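The following paragraphs guide the reader through selected features of the structure shown here.

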Amino acid sequence: MNKRPDKDRIKSLRTEIVAGLIGYLTTVYIVVVNGSILNEAGISLESGMIATILISFLGTFLMGLFAKLPLILIPGMGINALFAYSIVEGTNLTFEQGLAVVLVAGLIFLLTAFSKLGILLKEAIPESLKHGITVGLGFFLILIGLEKSGLVVNGENTILAFGDFTSPAVLVSLLTLFLAIFLFVRDVPANFLVTMIAGTILASLFGVLESGSSALHIDPKEIIFLPSFSAIGDVNFWLAVFPLAIILVFENMGLLNGQLQMLKRETSYDKAYKVTAFSTVASAFLGTSPTVSAAENAAVIASKGRSGVAAVTAGLLFLATLFLIPFITIIPNTALSPILIIVGFLMVQNIRHIRVSELSESLPALLIVAMIPFTYSIADGMAFGFIAYPIVMIATGKRKELSLPLLIIAALFLFDFIMKMVGI
């Protein structure tokens, strides 16, 4: 008499596990991509991959266990570029000092999860500037991807120039990029993963594939990191903290709101937000840039993942990826760069939300869009827009619409510019 409920329970469990597997396959590319970006911030590729695996496992597992939601948490694309290229390289902080920035920003993010500070920040930042940051990050990722692929290089007499198209590596990059675009547009399942595998095979056929690690070496120092607060008295430290905190707050708010609406589980927002904030804090100790709710969670939801079982399944699969590191370290930049470029283009699509016809909103936002890639600094690019916004609003007679938090942020960015001009 109870056979039917048992069958339904088994079928439901199978559906959740399959959804978790699909979610893992659509997000596992982050292990190599994020590891590669962290490598440029000062740690080994293998350490970056281990950090990415561990935080993806921890955040996703906790999301399934405590929030009981089928959502995967992975290091955010764009945020990892902010960490590596602006926070670490751009301010000359060490990797450990950069992790301290992540920790402080994560604690601010965590504070917003248990107070009204998150709502205050969300309402203080104009939507146009939020979209401007997303679009600017998108163009920045495209630029990084083009440089990693060799399709664009620093020219002798120009800022950028075409790469050497007679080079086998550049040819492989070009072929892999076109393949990635085809697979993505065709919506092939796990298209990023397929791109990495196909790109690696192409690199091998053209003789541009480097050898990877022959065995897995896990040093305890590569698993747990201690953020360094030796630069906490430096103005640059705090000027790195608040852009990261702002991005973490409104990006996660946007992602979680959208995904929970798809699940029709809006009442679970508080739990999901708190788990996401905790995962961000943990990122600092595991040696990586902060996590966000993956955009690819749409694939999990589309696969009928509805409970925490899907997230727990994906989390355990991420943990098992530790044993694949000796194999996936051979994946070359030519196979990774198309993913950066495509993700960048997806972020650039947000430009449609900027009201170009309204100058007071569009001019500061488009200034951010232009200056992030041109200055090669996300923080500096944001500064141009945040400083310009009050100026434009005052000039157009909208001074009363300016919030105090926004004015404080603009003043801090202006203070940073003044410090740089006087050489401090």
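Asparagine 92 counts as exposed because its relative accessibility is 71%; exposed means over 50% relative accessible area, buried under 20%, and partly exposed in between, with a 1.4 Å probe and protein chains only. This is a predicted model, in which local features need pLDDT of at least 70, side-chain atom pairs count only at pLDDT 80 or more, and totals for chains, interfaces and linings use all residues. Residues are numbered from 1 along each chain as its sequence is written, and side-chain values use heavy atoms, with hydrogens and water left out.

Asparagine 92 lies in the loop that joins helix H4 (79-88) to helix H5 (95-113); helices are DSSP runs of H or I with at least four residues, numbered from the N terminus. Although asparagine 92 is not a glycine, its phi is positive, at about 60°.

Lysine 264 is found in the loop between helix H10 (235-263) and helix H11 (269-286). Its phi is near 60°, a positive value in a residue other than glycine. With 71% relative accessibility, lysine 264 counts as exposed.

Two packed helices are described by the angle between their axes and the distance between the axes. Helix H7 (residues 127-149) packs against helix H17 (residues 378-395) at an angle of about 155°, and their axes are 11 Å apart. Axes are lines fitted to C-alpha atoms, for helices over the stretch in contact, and angles run from 0 to 180 degrees between N-to-C directions. H7 and H17 are therefore roughly antiparallel, a term for angles over 145 degrees.

Conventions:
Helix = DSSP H or I, 4+ residues; strand = E, 2+ residues; numbered from the N terminus. Parallel < 35°, antiparallel > 145°, perpendicular 65-115°, else oblique.
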